[in-house]
Amino acid sequence: MKKGAEKITGVEAIMHTPFKENYDLDLDGAKTIVRHIIDGGVIEGSGCILIGGAVGEAQHMNPLERKELLKACCEVANKETPTIFNCAHTDVRIVIELAKSAYENGATFIQIAPPYYMPLSDKEIIDFYKFVSDEVPIGIMAYANYWASQVYFDNIWDDLIAIENIISIKWAHPDMTEFIKGLVNYSDTLSFMDNMGTAGPWPFMLGMNGFVSQIGVWAPKIALKQWGLIKDKDWKGLEDFYNQVIIPFMEWNWQMSGPLGFHGEGTALKAASHLLRLPAGPCRRPHQHNVSTENMDKLKILLESWDLI
């Protein structure tokens, strides 16, 4: 595995970004969330924290706000847990600006999706990642967000791995054959983090190194139970965990997406945080959907069944 990749493992807690009621950044709240995740056990060797991802509403913040959020979170993390800062943007100059800020503020890694609006050729994807790697000396997690970027990585694995600072991939694919091929063929070189949500135990049998987790933000000890089962190769226990925890939460989440029309998870992540009295605040436009009283009651029952309330 490439140097540094071993640090991207376990629970990747994809934190939301708390806002005040006037939609300004709540930096004190962000610091509280980072401390909550670390105190819950997500430290180096068992997990990492993603700062300002799509769930964290990076797409609704300007570059200055994103850098302020980064600085506040890294001050609290203080190397206790690896921090990954999302630097995605459609303007490559801003990607570099954000990546340099990550390096200067002590983030451990950066996450980058290919810049998208029009589909990119394979050559353009590789040129982009190589340009960032050459400009900023920090480890890069490539993000396979095919649903937005229309990038699949199928034909560029060897070229991608040859880029010095590419050490990890947040992995998802709509074609399960390609999902498996990437994992089986390249997980000895890159740290693969599962972004399929409900794929079940089998990706971890094939080399998956960890998983993206909303639960790891507001209930890190619950997410660490999942990681413990994976490390112990307790596949039956992991299957039970999916049925008792992951699937019920995802079903609660999914049943809102159709009628409300949202696809990001910020609204759902903040709903759980509100119930657990963690800083959250409103989501910024356009994802300002209020979770109904009925759905909040369903979520409360779910959290009660996990002994969180």
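Visitor: Which residue forms a salt bridge with E12?

Guide: In this predicted model, the partner of E12 is K170, and the closest N and O atoms of the pair are 3.3 Å apart.

Visitor: Which elements hold E12 and K170?

Guide: E12 belongs to strand 1 (residues 10-14), while K170 belongs to strand 6 (residues 166-171).

Visitor: Is E12 buried or exposed? And K170, buried or exposed?

Guide: E12 counts as buried because its relative accessibility is 0%. K170 also counts as buried, with a relative accessibility of 3%.

Visitor: How many salt bridges does a search of the whole structure find?

Guide: The search finds 13 salt bridges. One of them joins K130 and D134, whose closest N and O atoms are 2.8 Å apart.

Visitor: Where do K130 and D134 lie?

Guide: Both residues lie in helix 4 (residues 122-135). They are four residues apart, so about one helical turn separates them. K130 is partly exposed, with a relative accessible area of 43%, whereas D134 counts as exposed at 53% relative accessibility.

Visitor: Which residues do salt bridges with shared partners join into one network?

Guide: That network consists of R35, D39 and E80. Within this group, E80 forms a salt bridge with R35, and the closest N and O atoms are 3.1 Å apart. E80 lies in the loop between helix 2 and strand 3, and R35 lies in helix 1 (residues 27-39), so the pair ties together parts that are 45 residues apart in sequence.

Visitor: What are the relative accessible areas of E80 and R35?

Guide: For E80 the value is 34%, which makes the residue partly exposed. R35 is partly exposed as well, at 27%.

Visitor: Turning to T81, where is its place?

Guide: T81 is in the loop between helix 2 (63-77) and strand 3 (83-86). At 1% relative accessibility, T81 counts as buried.

Visitor: Which residues does T81 touch?

Guide: Leaving aside residues up to four places away in sequence, T81 is in contact with I38, V42, I43, E44, G47, C48, I49 and T108.

Visitor: In what sense do strand 3 and strand 4 pair?

Guide: The two strands pair in the parallel sense, over three bridges. F85 stands opposite I110 in strand 4.

Visitor: Which way do the residues of strand 4 point?

Guide: From strand 4 (residues 109-112), F109 and Q111 point one way, and I110 and I112 point the other way. All of them are buried. In a regular strand, side chains alternate between the two faces of the sheet.

Visitor: Now helix 2. What does A72 touch there?

Guide: A72 is in helix 2 and touches L27 and K31, not counting residues up to four places away in sequence. With a relative accessibility of 4%, A72 counts as buried.

Visitor: How far apart are A72 and P286?

Guide: From C-alpha to C-alpha, A72 and P286 are 25 Å apart in space, and they are 214 residues apart in sequence.

Visitor: And E68, which residues does it touch?

Guide: E68, also found in helix 2, touches L25 and L27, not counting residues up to four places away in sequence. The C-alpha atoms of E68 and L27 are separated by 7.9 Å, although these residues are 41 residues apart along the chain. E68 counts as partly exposed, at 35% relative accessibility.

Visitor: How many disulfides does the structure hold?

Guide: The structure holds zero disulfides.

Visitor: One last topic, the surface. Which residues make the nonpolar patch?

Guide: M176, I180, V184, M205 and L206 make a nonpolar surface patch of about 390 Å². Helix 7 (residues 176-186) gives the most to this patch, with three residues.

Visitor: Where is I180, then, and what is its relative accessibility?

Guide: I180 is in helix 7. Its relative accessibility is 31%, so I180 counts as partly exposed.

Note on methods: Residues numbered from 1 in each chain as written. Predicted model: local features only at pLDDT ≥ 70, side-chain atom pairs only at ≥ 80, totals over all residues. Heavy atoms only, no water. Patch = residues over 30% accessible without salt bridge, like charges linked within 9 Å, V, L, I, M, F, W, Y side chains within 5 Å. Areas by Shrake-Rupley, 256 points an atom, 1.4 Å probe, with all protein chains shown as cover. Salt bridge = Lys/Arg side-chain N within 4 Å of Asp/Glu carboxyl O. Buried < 20%, exposed > 50% of the residue type's maximum accessible area, 1.4 Å probe, protein only. Disulfide = S-S within 2.5 Å. Contact = heavy atoms within 4.5 Å. Pairing = 2+ DSSP bridges.
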